[in-house]
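Subject: Structure handover

Hello,

Here is the structure we talked about passing on. Please open it first; my notes follow below.

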Amino acid sequence: MVRIKSPQDFGAALVFILFGLGGIYFGYDLRWGSAARMGPGYFPLVLSGCIIAIGVVIGARALIFDGPSVERFQIRPLGLLIIASLIFGYLIEEIGLAISGVLMILVATYAGREARLKEAVILALALTAFSIIVFVWALGQSLPVWTGR
Amino acid sequence: MMDLHILDNLATGFVAAASLQNIGFALIGCLLGTLIGVLPGIGPIPAIAMLLPITFGLDPLSSLIMLAGIYYGAAYGGSTTSILVNIPGEASSIVTAIDGHQMAKQGKAGLALSVSALGSFFAGCVGTVFVAAFGPPLATLAQEFNSPDYFALMVLGLAMAVMLAHGSVLKAVGMVFIGLLLGLAGTDVNSGTQRYTFGITFLFDGIDFLPLVIGLFGIVEIVRNLEMKEAPRMTVVARFRDLWPRLADLKDAVKPALRGTFLGSLLGILPGGGAVLASFASYTMEKKLAKDPSRFGKGAIEGVAGPESANNAAAQTSFIPLLTLGLPSNPVMALMMGALMIQGLQPGAAIMTKQPDLFWGLVASMWIGNLMLVVLNLPLIGIWVKLLSVPYRLLFPAILLFCVVGIYATNSSPGQIGLMAVFSVFGYILVKFGCEPAPMVLGFILGPLMEENLRRSLVLSRGDPIIFLERPISATLLVITVIVFGLIVLPAFRRGREQAFQEEG
């Protein structure tokens, strides 16, 4: 059984190889053309090939040389930030910046370790008011404030 | 004759840039940039990425002026935190932190800050003249450039970026390639074929720049900071009556600042060069030239004056390749290029000839931005320092709101926020596996350009790659690229590079 000596590099290798394979898989239907008349598929496929090759080399080295281990993935901060952003992005059309902004910040605050409800509510109200003043009134961006579009 | 032209041109620029409105935008840009740059853990790249959307509603010149202000402000904010708190907000102020923070500990924070600001201002002035003097001839040279030359130039630029990236060279190359491939998504200009769009309408025009950089840098940055146990903040309270340096102190700082300025101006022009390289190089040079090198690391004023001047000069002159050749030499310039393209401008020699107001206005605004930093920001240091005491748990929701509202305000499409989410997950995975996303942005910006120039070159030569070696310009550039890669592989250089990046830790 081969031992992975550098987990961090091995992970990177997997990312590269998967990305390259994805590039080839989803670009497979594109016309390849020839060097003299490059089709839309030529450069993407060449790049995908290079990415895979780099991934393979990094992966092989990860089996030979010792390297750092992978830091633990923490789902909560990233997960909550993304949920908060998506809430904002998909609700602003329906209920406007004022309410979706407050909701977003309430959710986002809990991505941190030391969230406190009272503080979060005040922060949400203050920041949303601030963004309405700056983006809508001062910069004149067309964002729906109270209602959807 | 030439000199008169420069004066004429600069005058045009100042007329364009010095309107009340534009000075106002420069001011807002500087203030916002400093504000974000001072905040711990946010360097210029995420800062610019976050503030980009604010500038889109403006006309091109105003938006560029504001962006330049944000850029200098963010860089300046980064130096402030590295001196006061020993947290370099960005790679180019890492070396400033070494001696600057020691100075602050010895009660000389005011001196370090003012030397850094004055040195930067002086370097900025010289850098502006450099841009004015070298821009036009380079733009003329650029007209000699043909597709193969552009292609070779981009290869060189990417190679230099790889050389200067943190960590593993191989991973950096991989990141560049991934960026290039991402840059190709969208409708192929030549055939009209959809590539990697998965039938999603908003991808037909290609992946939007803003969700990409905000996801990769903004969101990932927040997550990284949240993961860290809150570090104890070692704020050194600077005494601000000491802000203005005494004459004797200045004398020690003048020569390093001059050398740093010159070195920085030169290194900034190189593709792949820029502020980071310049500050490291200047620090090394000052240490070599010093009579007593052991003072370095213990609060040597040369260690602040030199690198700070160098990085600002380089920040200035790195606009040269962008504005004359259309080649961003570092990730910050890639952001600037992205901003220009969103304004509907294709950076390159054409800007100078077709829109001289814009080019010279930008050059003039660089100088105005630098002046504002000294005149307005230096007295405001007290306020910036107070910002450092705002706890992160209150700060990050504000940053997130800014990012998301910014993206939405630019194109009113929830899908773009989804795209941002995708890139933040991707960026998070990359960071966990030790891949630095910065080279990827460079690749992303250059992807379509490289493909187009490669295609045209190969059409010219009927598919024979020898064309890249037959043309003198492209052959020279490729030879330099090979040398660069040779250097990277060379054990001695490799050790030096690793050492240089180790000082960050």
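This is a predicted model: local features need pLDDT of at least 70, side-chain atom pairs count only at pLDDT 80 or more; totals for chains, interfaces and linings use all residues.

Several elements of chain B give two or more residues each, among them helix H7 (147-164), helix H8 (169-184), strand S1 (186-187) and helix H14 (331-342). Helix H15 (349-354) and helix H20 (438-460) are also on that list. H20(B) supplies the largest share of the lining, with nine residues.

H20 comes up again in the salt bridges. The search over all chains finds 16 of them. One pairs B:Arg455 with B:Glu451, at 3.7 Å from N to O. Both residues sit in helix H20 of chain B, four residues apart, or about one turn of the helix. Both B:Arg455 and B:Glu451 are buried. They belong to a network in which salt bridges with shared partners also join B:Asp188, B:Arg195, B:Glu452 and B:Arg456.

Next, B:Lys432. Which residue of chain A forms a salt bridge with B:Lys432? The partner is A:Glu71, with the closest N and O atoms 3.2 Å apart. A:Glu71 lies in the loop between H2 and H3 of chain A, and B:Lys432 lies in helix H19 (residues 414-432) of chain B, so this pair joins two chains.

B:Glu227 lies in helix H9 (residues 209-227) of chain B and B:Lys432 in helix H19, so the pair ties together parts that are 205 residues apart in sequence. B:Glu227 counts as buried too, with 9% relative accessibility.

Last, the surface of chain A. A:Val2, A:Ile4, A:Leu63, A:Ile64 and A:Phe65 form a nonpolar patch there, with about 440 Å² of accessible area together. A:Phe65 lies in the loop between helix H2 (42-64) and helix H3 (75-109) of chain A. Its relative accessible area is 45%, so A:Phe65 is partly exposed.

Best wishes

Note on methods:
Residues are numbered from 1 along each chain as its sequence is written. Chains are lettered from A and ligands numbered from 1 in the order in which they are written. Side-chain values use heavy atoms; hydrogens and water are left out. Patches are made of residues with over 30% relative accessible area and no salt bridge: like charges are joined within 9 Å, nonpolar side chains (Val, Leu, Ile, Met, Phe, Trp, Tyr) within 5 Å. Accessible areas come from the Shrake-Rupley method with a 1.4 Å probe; for residues, only the protein chains shown count as cover. A salt bridge is a side-chain nitrogen of Lys or Arg within 4 Å of a carboxyl oxygen of Asp or Glu. Buried means under 20% relative accessible area, exposed over 50%, partly exposed in between (1.4 Å probe, protein chains only).
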